[in-house]
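The entries follow the order in which I checked them.

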Amino acid sequence: MKTILITGGAGFIGSHVVRRFVDRYPQYKIVNLDKLTYAGNLANLKDVVGKANYEFVKGDIVDSDFIFKLFEEKQFDGVIHLAAESHVDRSISNPMEFVYTNVIGTVNLLNAARHIWKDNMEDKRFYHISTDEVYGSLGNEGIFTEKTAYDPHSPYSASKAGSDHFVRAYNDTFGLPVVISNCSNNYGAYQFPEKLIPLFINNIKNKKPLPVYGEGINVRDWLWVEDHASAIDIIFHKGGNGETYNIGGFNEWRNIDLIRLMCRIMDKKLGRQPGESEKLITFVKDRAGHDLRYAIDATKLKNELEWEPSLQFEEGIDKTIDWYLANEEWMENVTSGDYQKYYDEMYGGR
Ligand code: NAD
Ligand code: DAU
């Protein structure tokens, strides 16, 4: 039996990865390490808790003593590292949190992996989950490939770029077996409603303003979260040592077009007059350093590892809206902050 560490497993993407690995690989013991920040929510894993090959550990990747002890105790065979501060707007108001978790936290994990694997690196794997934002911003033309030079603009993307560089440096310098993937914007169930899609679904439902940054002309390349999880599964098992893979759905949308689409779908689902929800659109001050366009070329992943997204966007966004409408209690809970109070009581502020 192999023991696999998944960090950030109580977050949005991490919870889908944990569920997939627990269900598909009974021969793995999956240890989910998460600090349970505002973005970590054990309700995302209600159906996984109690399974024989799953264990949750609450802890902070910035705490190097704790991380070393955990690695010594569990003797992990592989690491899938998702834990991060992930929201660009928060990185503009508080950059240091991003340096601590995304850079120092990642280096702590690399050091611990290097320490326990030093005598035998064979069959071991440190998989670092990164983002397309490290490549910077595109104009109207072009696409990010694995060879695009890094050019991050936000404290979030700068911290992710820094962590990517450390992961590659540990491969080059210490021979640590690593693999990295850079994915485009994810959408789907269990995403914290500070991000565009769940925030706007919730606001449309509650007839609250929809704050569109700038003119709404920025372009994002959207991928269904479960397709990201399937790509992570394939790369973890079949990706080459030291390799980088871009993940994306070839699915670019201007923000304003995506928002109008969500308004139209929700007018129908909520029995509103056509055009009613669009009236909620409010143009607000632009995000500082707002990247104009992201677009991912995922050809390498398709050609070398035979991965392709399973879902068309029209189907995925419809499914996603249905999920948020059907899971009012989840939304209520995360927006009221009750779950955070519960963790403080349960874990005594640790
Ligand atoms: P998220 O914010 O939903 O979840 C992050 C998780 O990490 C939370 O459970 C949180 O509690 C945990 N965490 C934060 N700081 C920690 C610490 N110091 N120690 C331990 N746990 C900690 O993020 P997400 O959207 O699921 O993103 C997961 C990963 O995927 C991140 O590395 C992110 O950069 C990357 N990514 C995200 C997207 C996207 O569209 N959301 C796209 C590409 C890549
Ligand atoms: O590209 C991958 C990245 O996608 C991930 O690395 C990040 O973790 C993830 O948060 C996401 O970053 P974005 O900044 O693209 O996502 P966000 O949902 O914050 O914003 C999407 C677009 O919508 C962006 O152009 C900003 C705009 N926006 C966002 C919010 C929250 C608005 O216009 N209004 C809003 O209220």
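**Conventions.** I am working with a predicted model, in which local features need pLDDT of at least 70, side-chain atom pairs count only at pLDDT 80 or more, and totals for chains, interfaces and linings use all residues. Residues are numbered from 1 along each chain as its sequence is written, chains are lettered from A and ligands numbered from 1 in the order in which they are written, and side-chain values use heavy atoms, with hydrogens and water left out.

**Ligand 1.** I first listed the residues around ligand 1 (a heavy atom within 4 Å of the ligand). There are 28, of which Ile 13, Asp 34, Ser 86, Tyr 156 and Lys 160 come nearest. I then looked up polar contacts to the ligand (pairs of N or O atoms within 3.5 Å). The side chain of Tyr 156 places a polar atom 2.7 Å from an oxygen atom of ligand 1. Asp 60 has a polar side-chain atom 2.8 Å from a nitrogen atom of the ligand, while Leu 36 contributes a backbone N or O atom, 3.5 Å from an oxygen atom of ligand 1. On its own, ligand 1 has 840 Å² of accessible area, and the protein covers 97% of it; such areas come from the Shrake-Rupley method with a 1.4 Å probe.

I next asked which elements supply at least two residues each to the shell around ligand 1. They are α1 (12–24), β5 (125–131), α5 (155–174) and β7 (185–187), where helices (H or I, at least four residues) and strands (E, at least two) are DSSP runs numbered from the N terminus. Strand β5 gives the most, with 3 residues. By class, I recorded 12 nonpolar, 12 polar and 4 charged residues in this shell. Here Ala, Val, Leu, Ile, Met, Phe, Trp, Tyr, Cys and Pro count as nonpolar, Asp, Glu, Lys and Arg as charged, and the others, Gly among them, as polar.

**Ligand 2.** I found 24 residues around ligand 2, and Thr 131, Asp 132, Tyr 156, Arg 287 and His 290 come nearest. Oxygen atoms of ligand 2 lie 2.6 Å from a polar side-chain atom of Asp 132, 2.7 Å from a side-chain N or O atom of His 290 and 2.8 Å from one of Arg 220. The protein buries 94% of the 680 Å² that ligand 2 exposes when taken alone. Two or more shell residues come from each of α6 (196–205) and β8 (210–213). The shell divides into 10 nonpolar, 8 polar and 6 charged residues.

**Helix packing.** I noted that the axes of α6 and α8 come within 11 Å and cross at roughly 40°, so α6 is oblique to α8. Axes are lines fitted to C-alpha atoms, for helices over the stretch in contact, with angles from 0 to 180 degrees between N-to-C directions. Angles under 35 degrees count as roughly parallel, over 145 as roughly antiparallel, 65 to 115 as roughly perpendicular and the rest as oblique. Helix α8 (residues 255–269) also packs with α10 (residues 313–326), at about 55° and with axes 11 Å apart; α8 and α10 are therefore oblique to each other.

Definitions and conventions. A polar contact is a pair of N or O atoms within 3.5 Å; within protein, one must be able to donate a hydrogen and the other to accept it, and residues adjacent in sequence count only if both atoms are side-chain atoms.
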